[in-house]
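Colleague: I am new to this model and would like to be taken through it slowly. Could you set out your terms as you go?

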Amino acid sequence: MKIITCIKQVPDSEAKVTAQNGQPDWGGATLVINPFDEYAVEGALQQKEAQGGEVIALCIGPESAKDALKHALAMGADSAVLICDPALEKLDSQGAARVLAAAIQKIGGADMVIFGRQTLDGGTGLTVSQTARALGLPLLSFAGSIKVGGGRATVERVIEEGKQTVSASLPAVLSVVQSIGEPRYPSFMGIRKASKAEIPAWTLSDLGLPAPAPVVTRSELFNPPPRNITCEMITGDTPEAIADALADKILAEKVL
Amino acid sequence: MKTWVYIDHFKGDIVPASWEALGVGKGFGPVTAIVFGAGVDAVAQAAFEFGADEVMVADDPALADFRVEAYASTLSALAASHAPHLILLPTTTRTREVAGMAAMDLNSGVITDASALEQSGGVLVATRPAYEGKVIEKVTCSASPQFVTLRARAFPKPARETGRSGALTKAAAVADAKTSVEGFAAAETNVNLADAGVVVAGGRGVSNDPGLGFKLIGELAGALGGAVGASRAAVDAGYIPYAHQVGQTGKVVTPDLYIGAGVSGAIQHIVGMRNAKLIVAINKDAEAPIFQFARYGVAGDLFQVVPALTAAFKKRLGK
């Protein structure tokens, strides 16, 4: 079983991100592997343990994004590839999907390509399905569990309406959600291996691609209006008295 | 502008934000509603009643279950022959994928989660959140058709005019699904958080008796016609399924009223609910960070306050 897991590097959720001169700025906050993608790595490693094989982590980003790939290696991925090219700085999801698809083909394809559900930065959630489309592969998205057998993958999809069981023949593109299981902590050996790993950086010319022309572009970035809220604490002698006062306050706000 | 609005439904249950999208589309001129599925006459009729001038229906057994490849191929084939300028969709797990794949077929692009849409100098500009809503961006799509998915509850829902009708066009399905749907188990309680006007969420504070805690939270949500949410801590502890999770690795909700019961207010939860119109927090710990985001707070025991609040609302709302 050959599994490619696609990850991204993003500012930590704790980071205070603001708009500065039309650009996102996260101060000195740490860049981390996209939290959703840790589940993708975890899901890939679970499948490797169940089926045997190898896990390859793939990432588009600047040279510094090698740290996110090293996290995947430390968790247990066997190898990693960075796609790094100045022409990829302004990339929309369509472009990202085509670049990832080309890289996956250069790697020689995979039985499963596993993504996280979405990223924390752009948060479009589009790249997964668009990569599946670019590769012409079936999409099994929002998987809370994955079972493989007889050349097929069967997943339990966690969707708005409930849980749906869906299968497809391999190779396939999958995305996983948190129910797949807590991402494992990097082991000491894993961290040592990752620190020594040579991660190749491929450019667009390595992939035989021209610089992608983004279709969706940002024209403006700004900070949301501040919410100046002071919390009014509701008190009372009994829970009933508190509840009555609170219900009256809420009804007076005319939100119901 | 030739505008299409994709009506999203699951087994005939229409996602209400589809109608909000229809209302936005009407602002740009006549609208064609797009309805896919098997046996979807009622969905098409509802589209007329919410204002569609034309409804284009691909009604085919091959589209009985939502399978993204077939839905996307059907949409891109229709768009290739009819050349709409704009395709609006409500934002759901399905529509991101349908739009994403169809845009790949048509060499165009998708703007997701738009909370505002305006025409500026002949260009359509969408406003959407980035970095978990910490910043807001305006984006444009330079190719055609422009796919835009709209955030639920960000736009008004048009009034329904019963019995209204219009031109119905039949379209052919492209049956190239690559997956098999083998089973479905409906969620036990309302987890359609994106469309909910009221969300009552539970957190680690239910830990003394999680079953009772979420029962009480469910009763309050029920009395207010709302949905039940949860913090990641409650989901991780196994108190409630992941589908209820609000926040970073869960859902983003924008209800008119959010009530957090026993939710401490970790940043991972806050990014999922801070755009609620009114935030109310009930927590034993008066220092819990959630109170910094709340308009009203109760420093008290949810096991006492929540049922009392349910009773107070029932009395006032005449239930």
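Modeller: A residue is called buried if 20 or more other C-beta atoms lie within 10 Å of its own, exposed if 12 or fewer do, and partly exposed in between, with C-beta atoms placed from the backbone. This is a predicted model, in which local features need pLDDT of at least 70 and side-chain atom pairs count only at pLDDT 80 or more, while totals for chains, interfaces and linings use all residues. Residues are numbered from 1 along each chain as its sequence is written, and chains are lettered from A and ligands numbered from 1 in the order in which they are written.

Colleague: Is B:E132 buried or exposed?

Modeller: B:E132 is found in the loop between strand 9 (123–130) and strand 10 of chain B, where helices (H or I, at least four residues) and strands (E, at least two) are DSSP runs numbered from the N terminus. B:E132 has a positive phi of about 60 degrees although it is not a glycine. Because B:E132 has 23 C-beta neighbours inside 10 Å, it counts as buried.

Colleague: Which loop of chain B holds B:R153?

Modeller: B:R153, although not a glycine, has a positive phi of about 70 degrees. With 21 C-beta neighbours inside 10 Å, B:R153 counts as buried. Its place is in the loop between strand 11 and strand 12 (167–170) of chain B.

Colleague: What is the omega of the peptide bond from A:L170 to A:P171?

Modeller: A:P171 lies in the loop between strand 11 (162–169) and strand 12 (172–176) of chain A. The peptide bond that leads from A:L170 to A:P171 is cis, with omega near 5 degrees.

Colleague: How far apart are the end C-alpha atoms of helix 3 of chain A?

Modeller: Helix 3 of chain A is mostly covered, since 11 of its 15 residues are buried, including A:V99, A:L100 and A:I104. The expected span of a helix is 1.5 Å times one less than its number of residues. For the 15 residues of helix 3 (residues 93–107) of chain A this gives 21 Å, which agrees with the distance between its end C-alpha atoms, 21 Å.

Colleague: How many residues does helix 8 of chain B give to the side of chain B that touches chain A?

Modeller: Two residues are in contact if their C-beta atoms, placed from the backbone, lie within 7 Å. The contact takes 70 residues from chain B and 71 residues from chain A. Helix 8 of chain B gives the most to the side of chain B that touches chain A, and its share is eight residues.

Colleague: Is helix 7 of chain A parallel or oblique to helix 8 of chain B?

Modeller: Axes are lines fitted to C-alpha atoms, for helices over the stretch in contact, and angles run from 0 to 180 degrees between N-to-C directions. Angles under 35 degrees count as roughly parallel, over 145 as roughly antiparallel, 65 to 115 as roughly perpendicular and the rest as oblique. Helix 7 (residues 239–252) of chain A and helix 8 (residues 302–317) of chain B pack at an angle of about 55 degrees, with their axes 8 Å apart. That angle makes helix 7 of chain A, relative to helix 8 of chain B, oblique.

Colleague: How is helix 5 of chain B set against helix 8 of chain B, and what term describes it?

Modeller: The axes of helix 5 (residues 210–223) of chain B and helix 8 of chain B come within 9 Å and cross at roughly 20 degrees. That makes the two helices, helix 5 of chain B and helix 8 of chain B, roughly parallel.
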